[in-house]
Amino acid sequence: MKITIQPELISSLIVTVLLSIFFVYAGKKIREADPTKRPKGVVLLVETAIKMVYDYMGTIMPKKYAKNYYPYFSMLFAWLLVSNLFGLTGFDAPTTNYSITLSLTLITWVLIQINAIKYQGVGSYIKGTLIPPTNLFGLISPLISISMRIFCNLLSGTFIMALVYQATSFLSYKLIPFNFLGPVVAPLLHCYFDVFSGCVQALVFVTLSSILISNENPDEE
């Protein structure tokens with residue numbers, strides 16, 4: 001039996017290792033930092049990023065979720081952001097593999113169901129899920145819609161850029177045996193399909209996930 005390891009899985013492992021190294025280093029710097037002095041360098045970067053994410057999450061989810069959910073969504077956003085931008089390094093972006101985006105969405109989906117059971121109770125949850133049977137479509141729809149959204153957006157950008165490089169290569173080779181048009185045309189498109197779209201899709205994924213979880217407890221402020 002032949003086992004094939006998909007390149008996106010390798011990229012996913014690289015992203016995870018790089019982020020782990022960075023956060024261990026940042027944690028060490030934060031522990032060593034003098035709290036009476038103005039933060040700088042990595043400490044300032046991390047504190048600013050965490051504050052921005054926590055302030056944003058506070059506009060979506062109730063404050064009582066801060067302890068359990070805010071750290072999770074902060075890490076999820078960081079991982080998605082780096083993964084979406086990872087294609088710029090020449091490696092395959094992890095989020096262009098549906099098994100990865102589906103796995104991430106499955107975590108969110110499980111959290112949605114846990115929150116729904118806590119709010120409704122087991123009996124009401126089962127009854128609301130199975131009666132009428134069409135409610136099952138509503139149960140699985142977030143799992144499909146969120147995972148497909150980020151996957152399709154990132155994958156379409158990869159396809160478009162591949163077509164751009166093929167087109168510029170074809171035109172360039174009409175003149176000289178070198179793709180000189182690619183470096184001229186591609187950077188602007190990379191800014192949109194990789195940088196802008198990658199940042200937006202990471203934010204959308206986290207936003208939709210947090211909203212769906214919060215919606216299971218509509219009375220909580």
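A disulfide is a pair of cysteine sulfur atoms within 2.5 Å. Keep that cut-off in mind for one of the stops below.

**Before you start**

This is a predicted model, in which local features need pLDDT of at least 70, side-chain atom pairs count only at pLDDT 80 or more, and totals for chains, interfaces and linings use all residues. Residues are numbered from 1 along each chain as its sequence is written, and side-chain values use heavy atoms, with hydrogens and water left out.

**Stop 1: the whole chain**

Show the protein chain as a cartoon. The pattern along the sequence reads α-α-α-α-α-α-α. The C-alpha atoms fill a box of roughly 70 × 60 × 40 Å along the principal axes.

Now switch to a surface. Its accessible area is about 13600 Å², and carbon and sulfur atoms hold 72% of that. Such areas come from the Shrake-Rupley method with a 1.4 Å probe; for residues, only the protein chains shown count as cover. Of the 221 residues, 35% are buried. Buried means under 20% relative accessible area, exposed means over 50%, and partly exposed lies in between (1.4 Å probe, protein chains only).

Turn to contacts, meaning heavy atoms within 4.5 Å. Among contacts with a separation of 6 or more, 72% join residues 24 or more positions apart.

**Stop 2: the annotated spans**

Compare two of the spans. Residues 97-117 are 95% helix and 0% strand, with end C-alpha atoms 31 Å apart. Residues 150-172 are 100% helix and 0% strand, and their end C-alpha atoms lie 33 Å apart.

**Stop 3: two salt bridges**

Side chains of opposite charge can pair when their charged atoms come close. A salt bridge here is a side-chain nitrogen of Lys or Arg within 4 Å of a carboxyl oxygen of Asp or Glu. The structure holds two.

Select K28 and E32. Their closest N and O atoms are 2.7 Å apart. Both residues sit in helix α1 (residues 7-32), four residues apart, about one turn of the helix. K28 is partly exposed, at 43% relative accessibility.

Next, pick K51 and D55. This salt bridge spans 2.8 Å, N to O. The two residues are separated by about one helical turn because they are four residues apart in helix α2 (residues 42-58). D55 is partly exposed at 41%, while K51 is exposed at 52%.

**Stop 4: a nonpolar patch**

Select I117, V122, I126, L130, I131 and L136. They form a nonpolar patch on the surface, with about 520 Å² of accessible area together. Patches take residues with over 30% relative accessible area and no salt bridge; like charges are joined within 9 Å, and nonpolar side chains (Val, Leu, Ile, Met, Phe, Trp, Tyr) within 5 Å.

Which helix gives the largest share of the patch? Helix α5 (residues 122-130) does, with three residues. I117 lies in helix α4 (residues 98-120). This residue is partly exposed, with a relative accessible area of 32%.

**Stop 5: Q113**

Stay on helix α4 and select Q113. Is Q113 buried or exposed? Q113 is buried, with a relative accessible area of 10%. Show its neighbours, leaving out residues up to four places away in sequence: Q113 touches Y125 and L139.

**Stop 6: H190**

Jump to helix α7 (residues 182-214) and select H190. This histidine counts as buried, at 18% relative accessibility. Beyond four places in sequence, H190 touches L88, M161, Y165 and V195.

**Stop 7: the cysteines**

Finish with C191 and C199. How many disulfides does the whole structure hold? The search finds zero. The sulfur of C191 has its closest cysteine sulfur in C199, 11 Å away, so the pair is too far apart for a bond. C191 is partly exposed at 45% relative accessibility, and C199 is partly exposed at 31%.
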